[in-house]
Amino acid sequence: MDIDWIGLAGPTASGKTAAALAIAARRPVEIVSVDSALVYRGMDIGTAKPTRAERAAAPHHLIDILDPAEAYSAARFVADATRLVAEIRARGALPLLVGGTMLYFKALIDGLDAMPPADPGLRAALETEAAARGWPAMHAELALYDSATAARLAPNDSQRIQRALEVWRSTGRPLSSFHGVRDAQAAPRHRLIALEPRERGWLHARIAERFDAMLAGGFLDEVRALRARGDLHADLPSMRCVGYRQAWQALDALPALGAPLPPAALAALREQGIAATRQLAKRQITWLRSMPARETVPCDAPDALAQVLERIA
């Protein structure tokens, strides 16, 4: 069967970039990022963004397309990816969609119903309620009405919890119900290969190694530079990305803008960042397991890359 695109999905640190570049070395592909953080310019270290050399190995799309002050959405991703898939196919290449934002994959495959508009009054009421109860309690309430959405959100993800509760209270429908299921004939023709670990310990070790490399590579300086702009704040979607949120909070606690992070604070940031990244990976795996049509490759297998290449071939 002719297909529109191949997807390569997996939790953070599962080896997606290396697998994508190995595929690109063997056949003509153009890579479309499926990542809600890689869209932002100036956020390179904390997102493990592909390097210039890696991006030179194959055309990459949907990377560095937005300023961190802007917001991106699943609906916008679907529009961008649909356009890019058509353009890449017209050039005679294979669209290879690579990333870990599973909502984007699901939206592209299953479609999105029209979302209800924002309700400023209801949002203000939710803010007031959360100030009294705390966002973890709001998250627990969301789980009662929309367990699918709650399962993919962290208990302190105030922006997304607020939106999900806003949709529920204004429509009586869970947010997840707007992520519709297309008629099979209308769905894009695709294959989705999922890199999933058999042993969580393997992935946890990779996550810790990556976070340490980020810190050694100047991650805190990157966040300092973003803060120094003066127009960004901790509640923006970009600054709520895993790692950035924890670094922003750590720098907030300093007595002066340029003060160094004390060793104890740095150790706490490392612990919090690794824990948050593990939680993200857990949610990503939960999303993947809700996609029955995926083809699973154990990313912790010694021959994982060979298995991916065999499936692509």
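How many Å² does the accessible surface of the chain come to, and what percentage of it belongs to carbon and sulfur atoms? The accessible surface is about 14,400 Å², with 55% belonging to carbon and sulfur atoms; areas come from the Shrake-Rupley method with a 1.4 Å probe.

The model is predicted: local features need pLDDT of at least 70, side-chain atom pairs count only at pLDDT 80 or more, and totals for chains, interfaces and linings use all residues. Residues are numbered from 1 along each chain as its sequence is written, and side-chain values use heavy atoms, leaving out hydrogens and water.

The chain holds 13 helices and six strands, taken as DSSP runs (helices H or I, at least four residues; strands E, at least two) numbered from the N terminus. Of its 313 residues, 49% are buried, that is, under 20% relative accessible area with a 1.4 Å probe and protein chains only. Along the principal axes the C-alpha trace spans about 55 × 45 × 35 Å.

UniProt, in an unreviewed entry, places a "binding site" at Gly10, Pro11, Thr12, Ala13, Ser14, Gly15, Lys16 and Thr17; such annotations may be inferred rather than shown by experiment. Ala13 is found in the loop between β1 (5-9) and α1 (16-24), and Gly15 is also in the loop between β1 and α1. Ala13 is buried, at 4% relative accessible area.

The table gives contacts (heavy atoms within 4.5 Å), leaving aside residues within four places in sequence.

| Residue | In contact with |
|---|---|
| Ala13 | Trp202, Leu203, Arg206, Ile207, Arg210 |
| Gly15 | Leu195, Arg206 |

Methods. Buried < 20%, exposed > 50% of the residue type's maximum accessible area, 1.4 Å probe, protein only.
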